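Please look through the structure shown here, with the explanation below as a guide from single residues to the sheet, the core and the contact of the chains.

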Amino acid sequence: MSLLQVNDLSIHFGGVKAVQNVSFTIDAGIVYSVIGPNGAGKTTLFNLITGVYKPTTGEIRLDGEGIHGKSPNELARRGVARTFQNLQICMNMSARENVMVGAHLRLDRNLVKAALRFPGLKSRDRELSEEAAELMRFVGLGQYVEARADAMSYGALKRLEIARALAMKPRLIFLDEPAAGLNPKETIEVDHLVRKIADSGVTVVLVEHDMKMVMNLSDRILVLNYGKKLAEGTGEEIRKNPDVIAAYLGAHA
Amino acid sequence: MKKSVYNGLFLVIAILLVLPFIVPNSFYLDLAIRMAINAVIVLGLNLLIGFAGQISLGHAGFLGIGAYASAVLPTHFGWHPLLAMGAGAAATGILAALVARPIFKLKGNYLAMATLGLGIIINIALRNEAQWTGGPDGMPVPAMGLFGFELSNDKQWYWVVAILLSVSVWASLNLIDSPFGRALRALHGSEVASQVVGVDVVRYKVAIFVLSAVFASLMGSVTAHYVGFVSPNFADFFHSIELVTMVVIGGMASVYGSLVGAVLLTALPQALATFEGWETVVFGAILMLSMIFLPRGLVPTLAAKFGKGE
């Protein structure tokens, strides 16, 4: 059975139909990309699936369970992680702490135990700190382990978000334009990183404008245009699809 | 966070240990006790404002509930002061929890307005229920007995308050550097990011609001017993503002900043007494200048300047 099923999903903001009747399924273990021109509704789709927005109509099923309308923290409990196109980093914390926050649900969050510095809690925290450093090295941020978040470059922060998402030990990770604003060298590194994440068994859903990266990584691709599903298929199928070519190049198909 | 943040705690304890032996007279001992009481309240408030990024303009109301519980329950019902203190804290906790859920659906200015309103309502209730509270005139508070002996002189009070302060600093430091504290700081840094990693933001905001309200209530009780008298001024709006100012001047999201803020703003009115009549103006000017030149508060600005992050 597919891991994620989206059926007839729509959201309207006043008169704007940002996503209209979109349906697709994602199998476990694949890299699934969502592409489309700016304003096509890609990020809105991410926000719907990860609980930031509530759909106007339609349903979203994770392992068969309806998750539409659930809040982001409830989805986090079900193993859904994400990164943001416009960075959402806690600048009031160190880089490593940002990653440690990702492990929130795996920790004892008791207030009283924390205030009284229970030894079990403290030793678990030290382990986690090591784990966070390890994750930072995994995403290529080894030199930033002791850095403050507000002292890091844009490209590094993009990867810090990925490390934070991975700290959740998710089943499904949504990456919203992980290569946007990166130079070609960094883009290649992110490309490799996404591949490593997928190889570790996490299902990856990717929004990205870098076509080379998308074609290179994706098992399946969904194309959105004006909030509607334009096409879906493998990279080869999408490349040849006349509607997609028209949408991207403005050609008359 | 490194081990070094706890070094400050040793410094605080050292100062607290030495202080009663070097103060020249009882006036300064009294001042030290007031500073320490305020410091504990400000620590709790800073967890809410500085670390979790929420605002409360009604904290003096919670202080008032604690103070009046310690005045009314032993006087009218013959409760033991400790029991009354606990009841005040429990009532504050319950009230805070009840109002917090709807309040934390609000943000920014609306949250400030809602907490402000709550504080004012508590203050009005204390003024109007004159048969219980003595109304605007206030009422005397019976002495605090602890395990058979009565807390009567300032020296004894000093040690009680010093212990409370040391424990509060220690607990605050622990809390900040824990999964709970990280979640708090994260929801301040980015609410949406903390949500997607699984932080139930409303629950955490409510929890820290209740905790800081209970801190205030307990210290309200302590103040009431120490001063031996309560009046509605304990719970008025200006006191709430004063507490917030201590947080801001000392430094948001800084444990030691809370202490510095409380100490300075408790001492400042005394130091400015020589200006007669002009002290509010000078007080205001000092606040304004420190906001312009030290916007992050004293301790974080100085810590950054000398290259030692807290």
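His12(A) lies in strand E1 (residues 4-13) of chain A, a strand being a DSSP run of E with at least two residues and a helix a run of H or I with at least four, both numbered from the N terminus. Residues up to four places away in sequence left aside, His12(A) touches Lys17(A) and Thr56(A), contact being defined as C-beta atoms, placed from the backbone, that lie within 7 Å. The C-alpha atom of His12(A) is separated by 29 Å from that of Met211(A), 199 residues apart along the chain.

The model is predicted, so that local features need pLDDT of at least 70 and side-chain atom pairs count only at pLDDT 80 or more, while totals for chains, interfaces and linings use all residues. Residues are numbered from 1 along each chain as its sequence is written, and chains are lettered from A and ligands numbered from 1 in the order in which they are written.

Chain A holds an open sheet of six strands in the order E6-E7-E8-E3-E9-E10, with mixed pairing, where two strands pair if DSSP finds at least two bridges between them. Strand E6 (80-82) and strand E10 (228-233) of chain A stand at the edges, and each has a single partner strand, so one side of each is left without a neighbour in the sheet. Within this sheet, strand E3 (residues 31-35) and strand E8 (residues 203-207) of chain A run parallel and are joined by four bridges; Val31(A) has Val204(A) as its bridge partner in E8(A), and Val34(A) has Val207(A). E7(A) also pairs with E8(A) in the parallel sense, over five bridges, and Phe174(A) stands opposite Val205(A) in E8(A).

What covers E8(A) can be followed residue by residue: five of its five residues are buried. Thr203(A), Val205(A) and Val207(A) point one way from the strand, whereas Val204(A) and Leu206(A) point the other way. In a regular strand the side chains alternate between the two faces of the sheet.

Val204(A) leads on to the largest nonpolar core, which has 168 residues and in which Ala163(A), Val194(A), Val204(A) and Ile41(B) have the most contacts; such a core is a set of buried Ala, Val, Leu, Ile, Met, Phe, Trp, Tyr and Cys residues joined through C-beta atoms within 7 Å. Helix H10 (residues 201-227) of chain B gives the most to this core, with 15 residues. Apart from residues up to four places away in sequence, Ile41(B) touches Leu63(B), Phe215(B), Ala216(B), Met219(B) and Leu243(B).

Gly64(B), placed in helix H3 (residues 59-77) of chain B, counts as buried because it has 32 C-beta neighbours inside 10 Å. The C-alpha atoms of Gly64(B) and Ser217(B) are separated by 7.0 Å, although these residues are 153 residues apart along the chain.

Finally, the contact between the chains takes 25 residues from chain B and 32 residues from chain A. On the side of chain B that touches chain A, the largest share, nine residues, comes from H8(B).

Note on methods:
Buried ≥ 20, exposed ≤ 12 C-beta atoms within 10 Å, placed from the backbone. Contact = placed C-beta atoms within 7 Å.
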